[in-house]
Amino acid sequence: MVWDLDDTVWDGVVLEQDAAVPTPEALLALEVLDQRGILHAVASRGEYEPAAAHLRTHGIEEMFSAVEVGWGPKSVSVRRIAERLNLGLDAIAFVDNDPFERAEVSRALPQVRCYSAEKIATFPDLPELTPSLITEESRQRRALYRAERTRQEGEQEFVGSSSEFLASLELVMTVRRANEDDLARAHELTVRSNQLNTTGRTFDIDELRRLCASDEYEVLVASLADRFGGYGTIGLAVSELTDRDSVLQLLLMSCRVMSRGVGTALIQHVVDRAHAQGRRALAEFVPTEVNRVMLVTLRFSGFEVIDSNPARMVLMRSDVRRGALPNAGHVEVRSEDEMPSKDALP
């Protein structure tokens with residue numbers, strides 16, 4: 001939710017020396033949506049320092065994961081916020097008291113939902129702002145994004161190349177079979193992660209529970225940490241196991257790790273598990289409007305197209321590409337369960 005400040009979050013205009021106080025409706029909406037895992041950001045007119053100081057004075061600066069204050073078009077600020085938070089524009093909403101500003105954003109960014117400030121009191125009750133599932137990770141989302149901002153600031157100050165910065169993060173990915181405690185987060189990932197998603201398939205909790213219990217499927221979850229702290233559970237891989245093949249039906253990563261180069265590391269782990277079981281490593285790819293990057297990632301990971309059906313492509317990992325991928329060396333992958341072997345299969 002991207003907020004205008006003057007006459008929206010608070011009554012009055014800070015630069016006009018108004019004693020602007022956040023409205024009770026705005027404070028309630030900020031708190032309720034934050035607990036649902038909905039991030040807040042600011043796109044407002046004015047000078048940055050007075051606006052930030054006013055947010056700080058009223059104890060709500062920490063509620064916002066990105067703050068854009070200036071004099072340019074607000075659509076530009078909204079787009080910049082989406083890029084900074086690695087969110088699709090269709091996941092963005094914008095609230096402003098000024099109909100001109102809403103019209104400008106709506107015209108430039110038709111994917112963005114726009115609300116008038118008069119609607120703020122209704123935010124806690126709007127279905128589109130009420131996720132069907134709220135996990136503990138959802139409640140921690142703002143803290144996870146703030147940690148990411150610290151990383152980004154560290155990257156800006158880092159002297160060296162991007163690859164050297166990634167290596168300095170000391171990234172550790174932990175992969176394990178999903179258990180009952182993981183199902184809510186796994187389901188959440190399937191409905192929230194659109195860009196780094198190979199097929200766009202969604203699974204509800206009952207489906208995931210059934211797949212976890214089946215010998216014909218393997219459901220893996222991946223968490224990530226670095227020297228700045230944890231990223232939480234950021235990856236999911238669902239594979240169908242046949243006598244001959246391990247078919248990756250879904251592999252997705254949270255958009256929060258888009259710039260960390262960890263997708264190939266998880267793919268490599270899934271491939272290693274398939275080969276350890278004596279199976280060929282196959283992957284499905286179903287194109288969506290936003291997931292082409294995952295086809296590139298699969299190809300870069302050594303997968304070659306064996307069925308080019310545009311509605312459902314099938315790829316197979318070439319045997320000649322076995323071994324660690326050169327661009328995944330900055331990630332240490334740990335498996336919390338024993339790597340399955342061909343000899344252990346029934």
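This is a predicted model: local features need pLDDT of at least 70, side-chain atom pairs count only at pLDDT 80 or more; totals for chains, interfaces and linings use all residues.
Me: What makes Ala 41 buried?

Reply: Buried means under 20% relative accessible area, exposed over 50%, with partly exposed in between (1.4 Å probe, protein chains only). Ala 41 has 2%, so it counts as buried. It lies in strand E4; strands here are DSSP runs of E, at least two residues, and helices are runs of H or I, at least four, numbered from the N terminus.

Me: Where is Asn 291, and why does it count as buried?

Reply: Asn 291 is in the loop between strand E12 (280-285) and helix H11 (292-300). Its relative accessibility is 1%, so it falls under the cut-off for buried. Setting aside neighbours within four places in sequence, Asn 291 touches Asn 194, Gln 195, Asn 197, Thr 198, Thr 199, Phe 285 and Val 286.

Me: Which residues of helix H4 are buried?

Reply: In H4 (residues 99-108) those are Glu 101, Arg 102, Glu 104 and Val 105.

Me: How do you know that they line one face of the helix?

Reply: Looking down the axis of H4, the buried residues fall within an arc of 160 degrees (taken from the directions from the helix axis to the C-beta atoms), so they share one face. The face turned away from that side carries the exposed Pro 99, Phe 100 and Arg 107. The cover over the buried residues includes strand E4 (40-45), helix H3 (74-84), strand E6 (93-96) and strand E7 (113-116).

Me: How do helix H8 and helix H9 pack?

Reply: H8 (residues 183-192) and H9 (residues 205-213) pack at about 115 degrees, with axes 9 Å apart. Axes are lines fitted to C-alpha atoms over the stretch in contact, and angles run from 0 to 180 degrees between N-to-C directions.

Me: Which residues of H8 and H9 meet?

Reply: Leu 183, Ala 184, Ala 186 and His 187 in H8 meet Ile 205, Leu 208, Arg 209 and Cys 212 in H9. They divide into six nonpolar, one polar and one charged.

Me: What makes Arg charged and Cys nonpolar?

Reply: The grouping: Asp, Glu, Lys and Arg count as charged, Ala, Val, Leu, Ile, Met, Phe, Trp, Tyr, Cys and Pro as nonpolar, and the others, Gly among them, as polar.

Terms used. Residues are numbered from 1 along each chain as its sequence is written. Side-chain values use heavy atoms; hydrogens and water are left out. Contact means heavy atoms within 4.5 Å.
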